[in-house]
Amino acid sequence: MNKAMPRYRFNRLTDITLEDIERIGGKGLCLDVDNTTAYDCSKEFIPGVPQWIEDMKAKGMKMVILSNAVPKRAKWISGALGIPAIGMSLKPMPWGYIKAARMMGIKCSEMVVIGDQLFTDIRGGNIVGAITVFVNPARKETRNVKIFESRRRREKPILEEFDRINGVKANEKG
């Protein structure tokens, strides 16, 4: 199996319901920051995300932010959303994912990793045996543009394969 292949795919984080999480066996969420919960390199949250986080917390869902962002940014996001965060996590290396699962008191196999990058968020989640969910990036990256353009080009055939395997038609994509 391709370690960068997600198990599930949604358009946005806010499209995922508690019922979806429970249906796929999730007991806790490991959330990416840039282009998943907040816009890339910004303190601006993607519309609906703060309320979605509050709704999930109210329903008892455990959550941890796992980010490659500098600890200061991760701490700010953590404080703004009221959930713990791990910054400079070195995704896709497994250590941050394992720590996130331990912080939530669950097994990695019970953790739903949600992110917008196949080669960091999803690959790392798959390495530790988590349930992986890819969400489409909220917008095009404004930093390291050439690097991200290259990554997105490399992700495209994997996402096309995901769609083919799962019978997703072009007009059904988010």
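Modeller: Helices (H or I, at least four residues) and strands (E, at least two) are DSSP runs, numbered from the N terminus. This is a predicted model, where local features need pLDDT of at least 70, side-chain atom pairs count only at pLDDT 80 or more, and totals for chains, interfaces and linings use all residues. Residues are numbered from 1 along each chain as its sequence is written, and side-chain values use heavy atoms, with hydrogens and water left out.

Biologist: Fine. Which residues does the cis peptide bond join?

Modeller: Lys91 and Pro92, with omega at about 15°. Pro92 sits in the loop between strand 4 (85–86) and helix 4 (95–104).

Biologist: And what is phi of Leu90?

Modeller: Near 65°, which is positive, and Leu90 is not a glycine. Leu90 is in the loop between strand 4 and helix 4. Most residues other than glycine have a negative phi, and most peptide bonds are trans.

Biologist: Where is Asn35, and what is its phi?

Modeller: Asn35 is in the loop between strand 2 (28–31) and helix 2 (49–58). Its phi is positive, about 70°, and it is not a glycine.

Biologist: Is Asn35 buried or exposed?

Modeller: Buried, at 2% relative accessible area. Buried means under 20%, exposed over 50%, partly exposed in between (1.4 Å probe, protein chains only).

Biologist: Switching to Asn136. What does its side chain contact?

Modeller: The side chain of Arg9, through a polar contact of 3.1 Å (a pair of N or O atoms within 3.5 Å; within protein, one must be able to donate a hydrogen and the other to accept it, and residues adjacent in sequence count only if both atoms are side-chain atoms). Asn136 is buried, with 11% relative accessible area, in the loop between strand 6 (131–135) and helix 6 (145–165).
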